[in-house]
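Good morning, and thank you for coming.

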Amino acid sequence: MGIRRDSPKNSPRKKTTLKHLFDLDPKPYVGSPLPSPRRGGGGTDYEHDGILSAISYCNSVFTFTDPQESPSQQDLKRLKLMDVVSLLKSPKKPLHEQLFSPLMSMVSVNLFRPLPPPSKTSIVSALPDDEELSTFTPLWPHLQLVYDILLRLVLNVDSKKLKDYIDHQFIRNLLYLFQSEDPRERESLKNVFHRIYSRFTSYRSFMRKAMNEVFLRYVFETEKHCGIGELLEIWGSIINGFGVPLKEEHKLFLMRVLLPLHKPKGLQVYHRQLAYCVSQFVQKEPALGGVVVRGILRYWPITNCHKEVLLIGELEELVENIDPDQYRTLALPLCSRIARCFNSCNSQVAERALYVWNNEQFVKMASEAMEEVFPVVVEGMERNLKLHWSKSVKQLTENVKAMLEEMDPPLYDKCLREIHHRESEAHREQIKRQQKWDQIETAAARHSHFLQPTKTMCFFPLNYNLQALVSQPTN
């Protein structure tokens, strides 16, 4: 997805005097022609010209990596950007409409740029504990002020007046910038994008659809994007404002976009924001808990232990918001997955799965289907006590075992007897198989001379032409 630099629409030109043209900054404006201000007074005219001059100078873009660039010019641009920010923050006078076009053009020139290719540490750098590994853009001294200017425009100017400049293409260009590896830029983008969503109500449907396209492309095509967490934060506030009952469009977003986001290997980068979005749906409509739990179980990782720990915690939180009427149908698939996590070779996964039984709501859900759940859970715990390598896991298993024995001692003893019966049956079957193999090996040894090939030796005279024999054609 590339950037299109569409110049904002220009205001109609007004007549200007010769003196006014000489008073303008000698540096020409880069972009659309600037309209002249209205002649209301000498001081106002001079101030207006100074603003236009500052905006015009800010259209020059510095890379901060080219040795030929002048540091003094970079500092001068920063000072002029600060002047524009201070003007927008001033509550004394409303911003003149003739400044909208040059301001939005300057914002587009500075922000909408090609991003560098992602580094190999793009996923690692997005982790909250590794901020020192993040890739920071050298343009930030200027970008920070430009984002502040855009935010002030969105907040202080009537949205109807900005619709000619902030259009669908402008929003797509902002979405593209969420791929920046600089967390400071993504944070500024999040604030601006969220404000646009709240103020430009007619764009909300389009903005939701555009964000969904980013999510789906990430899940099913690239699995490379630095701004998924920030976009999910925006969605979290959007979901929080949904009315009840939820619209069908919003339920489809949960099932087709949010749940598949549990699949990528970079889940740990944005899991906190994703879990919040999902829990908001379940809190608004507890009946969706069954759909969410089955969706998470569907995308359960096979070899990623860190993702397993995160998903176990998410399931534990979801159980507290699920409709109690669904406890019986969800108890068996949920407890079966937790029981398999008991036996994980990774001690963190096993311990996290065992700690789930400290949750009263989870235990209440399991008690709704004791006859189906207990055999699975007891078998997993007995296997842990016999085979697991970690002493801490064994100790936690003992604690959970004591708790379950108190819940229903007869049922627990029945499960133990069934386990011992299955183990004895399996042992007898193993003995029978071994006896059959012994019989087969004995019979094979008795008739081994029929199976061994006969060995023959060929003798040739010393003067025999072997080469002629090899080259002789066969009939």
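Predicted model: local features only at pLDDT ≥ 70, side-chain atom pairs only at ≥ 80, totals over all residues.

A word on terms is needed here. On a 1 Å grid over the protein atoms alone, a cavity is a set of points where a 1.4 Å probe fits but cannot get out, and lining residues have an atom within 4 Å of a point. Grid points are joined across faces, edges and corners, and a volume is the space filled by probe spheres set on the points. By this rule there are two cavities of 30 Å³ or more.

Residues are numbered from 1 along each chain as its sequence is written, and side-chain values use heavy atoms, with hydrogens and water left out.

Which residues line the second largest cavity? They are Val 61, Phe 62, Phe 64, Lys 77, Asn 110, Leu 139, His 142 and Leu 143. This lining divides into five nonpolar, two polar and one charged residue. Here Ala, Val, Leu, Ile, Met, Phe, Trp, Tyr, Cys and Pro count as nonpolar, Asp, Glu, Lys and Arg as charged, and the others, Gly among them, as polar.

Phe 64 is found in the loop between helix H2 (42–57) and H3; helices (H or I, at least four residues) and strands (E, at least two) are DSSP runs, numbered from the N terminus. Phi of Phe 64 is near 65°, a positive value in a residue other than glycine. Glu 223, in the loop between helix H10 (204–222) and H11, also has a positive phi, near 55°. As background, most residues other than glycine have a negative phi, and most peptide bonds are trans.

Now to the protein as a whole. The protein has 23 helices and zero strands. Of its 475 residues, 45% are buried, meaning under 20% relative accessible area, with exposed over 50% and partly exposed in between (1.4 Å probe, protein chains only).

At the N-terminal end, Asn 304 caps H15, with a side-chain oxygen 3.3 Å from the backbone nitrogen of His 306. Buried residues in H15 include Leu 311, Ile 312 and Leu 315. Among the elements that cover the buried residues of H15 are helix H13 (267–284) and helix H16 (327–342).

Finally, consider Phe 100, in helix H4 (residues 100–111). Is Phe 100 buried or exposed? Phe 100 counts as buried because its relative accessibility is 4%. Leaving aside neighbours within four places in sequence, Phe 100 is in contact (heavy atoms within 4.5 Å) with Leu 95, Val 157, Lys 161 and Tyr 165. Thank you for your attention.

Notes:
Polar contact = N/O pair within 3.5 Å; in protein donor to acceptor, adjacent residues only side chain to side chain. 1 Å grid on protein atoms, 1.4 Å probe; cavity = no way out; pocket = protein on both sides within 12 Å on 5 of 7 lines; lining within 4 Å.
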